[in-house]
Amino acid sequence: MLRTRLLLVAFISLISLESFGKATVSGYIRDASSGEALIAANVIIEELGTGTSTNEYGFYALSLKPGSYTLIFSYVGYETQSRKISLVDEIILDMELSELLHELEEVTISSQRNNTNITQLETGSTRLAIQSIQKIPALLGEIDVIKAIQLLPGVQVTSEGSSGFSVRGGGRDQNLILLDESVVYSASHLMGFFSIFNNDAIKDVKLYKGDIPASSGGRLASLLDIRMKEGNSKKFSASGGIGTIASRLTLEGPIVPDKISFLLAGRRTYADLFLLFSKQEALRKTRLYFYDLNGKMNYRINDNNRIFLSGYSGRDTYANKEYAGMIFGNRTFTLRWNHIFNNNLFSNFTLVNSHYFYDLGTPEGSEQYFNWNSMLDDYGFKGDFTWYPAPEHTVRFGASSTLHMIKPGEISAVSTGGINQKMELTHNHSLESGLYLSGRSTLGEKLAVRYGVRYSLFNNVGPTTIFQYDDNYQLVDSTYYRQGDFFHLYHGLEPRIAVNYLLSDQHSLKASYSRTRQYLQLASNSSAGTPLEIWFPASPNIEPQLSDQVSVGYFRNFLDHKLQSSVELYYKKMSNSIDFRDHAQLMLNPRLDGELRIGEATSYGAELYLKYKTREFSGWISYTYSRTMREFTEINDGKPYAAPYDKPHDLAIVLNYDLTPRIGIAANWIYSTGIPFTLPSGRYEVMGNIIPLYTGRNEYRLPDYHRLDLAVTIKGKERANRRWRGEWNFSIYNAYGRKNVWTLNFVQDEAQPDLTYAEMTYLFSIVPAITYNFKF
């Protein structure tokens, strides 16, 4: 590790020598109609055949020797522009690109190469266009970012209709989900059937499967980076939709044109409004809904300074005034300051807060009052710097620190005798920090390398109580740490490297290695996920989980880059993996760490991806073969067993076709191997009660899963000088009515107690939906 660090520092020192005697041209690339920054737009130097791409804020910089150059600016779906410059001193050159018109698109696409998938360094990363997500048939017509992610290779659905997903064999809690750099701990609405992301408010979605940038850490499996729109800085506009289950509205526009803009977006379901017409009084008193609110404002102070303020708030409510209810939700807050120190040094400073909570109980004043609430809060700071010494080299470095505050559960109850009872689980506080240094270099015409290292640190912080156990997990002692006490430091290096060898502009070979650590994990015994789950930190009893992943891939384009294909192989070794003992008690357990067992896990697989796009037809086919196995000395008699998300075969076919400029059709077909489960092989009787005797863990599988979704979109006629645009979307979820198993329970027959039968529960048959979308 010491040698690696010395080599990295020496290499970056050599890079710094290249910046002497050069001048820099830099600026922002934006959408001409809205002023939105364009992420990953290309800037090519025609004379040198090299260039760069914009960062997450649309900024680019090129440090070159003085001279005359032609810069070519391009972005997929936008008109390409070029500018001739005479570079003697520093130049600021902002560009605005216009979207392609339909009548020009066919000609332009065929003449413009789109081989980013060949040239980009990342393995296992995918950026999804919002326009592509909008075309995918969706459950009850609700366009869903997470459901689109689940159709990619290496990404598997954890349960029917769920927003949870597994990436390359990882658990649901091993995915780092960021919304404008704030962590989202629960991305689900309505028990997981919908995600919290309102597509109308989202600008960019990118998934990293294992090859996570050194600037991010804390999760083993993936990074899902979602960024909200900035708000139209040119003119006021609105968009929205009225659907079968929910309606939404987004407003955006300039406060000061080209200087201050805003975005406000809201979404709410209205199932509870229909309950008001029920003949049953209990149903009329029931509230059943969720809502989302997104807000963002950005202020361009000057060419070198810009401030962003964004936030999200969402809540699910299931409540009856007479019986019981449950409320849960998320809140995020992000404040960012972009500052350009000089034309080739870009910085971003971020303050974030993430909040997740749930509350379950009966109404106050009821005879048997009960309330259980839990929450998690993060308060974090991050500083990122990007240095552009030369077109062939980009260097990033920075630091971050986050305070985690977890309140696992507080329970209040009043019994029928009027006795007040209260129990509160021990709070957990911890400080997670990181330093990183990374770079990207092009070495000649064929070879490009991305290299970096992250140094992560994790401290437990009081007040809290830590329990000590013997070898049989029996409690022997405890230690109390006072408020503000820092104890038990974990730390380590996380090297990451990726290589791309360009065979030609049509095909390339890629390879990567990454090490990641995870200090927070989720206590759950459900693959589908429920709101009533508890996050808990590493501690003296729980070492951080560690993952080492290697992946290689071959990428090949055909038909002038209209058909893109790739084959990727990966192998992942996970240490200090956690699982729970048989019959573990997870909820309201003050000694949850005593239920844990520690072992090893491995995951390996092959991912095939075919993507095709023309003006009328687009879509992709993804297939994944993968296995994920666990081995724990104290589980399953020490024999390897399948992980809960082990699905050897996973296939998704996504097709979109525009019959005419106004009518489009879309279809998805999904197939996957059934998830593993543990089957009772016998039983025994204790004092008249039948107790099941289980086989080895996860030795059996549920039936295979498959489903067909269909959609038709009919756009309204476009008229000159009319800003209003509308479209109807008709969709069918599970078009042939496949009864996919959601849960399988084993029930004792009431008439014959010595008999046990399996009871299957499925969620959806054929689900039609109608949505009207509009924009003006």
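**Close-up views of a predicted model**

View 1. Residues are numbered from 1 along each chain as its sequence is written, and side-chain values use heavy atoms, with hydrogens and water left out. Strands are DSSP runs (E, at least two residues), numbered from the N terminus. The surface patch includes Ile255, Val256, Met297, Tyr299, Trp337 and Phe381, and its members together have about 950 Å² of accessible area. Patch residues have over 30% relative accessible area and no salt bridge, and nonpolar side chains (Val, Leu, Ile, Met, Phe, Trp, Tyr) are joined within 5 Å. A salt bridge is a side-chain nitrogen of Lys or Arg within 4 Å of a carboxyl oxygen of Asp or Glu. Areas come from the Shrake-Rupley method with a 1.4 Å probe; for residues, only the protein chains shown count as cover. Phe381 lies in strand β25 (residues 370-390) and is partly exposed at 43% relative accessibility (buried is under 20%, exposed over 50%, partly exposed in between).

**View 2. Strand β32 (residues 486-504) pairs antiparallel with β29 (residues 447-461) over 15 bridges.** Two strands pair if DSSP finds at least two bridges between them. Phe458 has Tyr490 of β32 as its bridge partner. Eight bridges join β32 to the antiparallel strand β33 (residues 507-518), and two residues separate β32 from β33 in a hairpin. Val499 is opposite Ala511 in β33.

**View 3. The structure holds 27 aromatic pairs.** In the pair of Phe59 and Tyr388, the ring centres are 5.9 Å apart and the planes are at 55°, so the pair is tilted. Phe59 belongs to strand β4 (residues 59-64) and Tyr388 to β25, so this pair ties together parts 329 residues apart in sequence. Phe59 is buried at 1% relative accessible area, and Tyr388 is buried at 3%. Tyr318 and Phe328 are stacked, with ring centres 6.1 Å apart and planes at 25°. Rings of Phe, Tyr and Trp (its six-membered ring) pair if their centres lie within 6.5 Å; planes under 30 degrees apart count as stacked, over 60 as edge-to-face and the rest as tilted.

**View 4. The charged end of Arg227 sits over the ring of Tyr57, 5.7 Å from the ring centre.** Such a contact needs NZ of Lys or CZ of Arg within 6 Å of the ring centre and within 35 degrees of the ring normal. Tyr57 is also one of the residues that ring pairs link into a cluster, among them Tyr28, Phe308 and Phe346.

How values were computed: Predicted model: local features only at pLDDT ≥ 70, side-chain atom pairs only at ≥ 80, totals over all residues. Patch = residues over 30% accessible without salt bridge, like charges linked within 9 Å, V, L, I, M, F, W, Y side chains within 5 Å. Helix = DSSP H or I, 4+ residues; strand = E, 2+ residues; numbered from the N terminus. Buried < 20%, exposed > 50% of the residue type's maximum accessible area, 1.4 Å probe, protein only.
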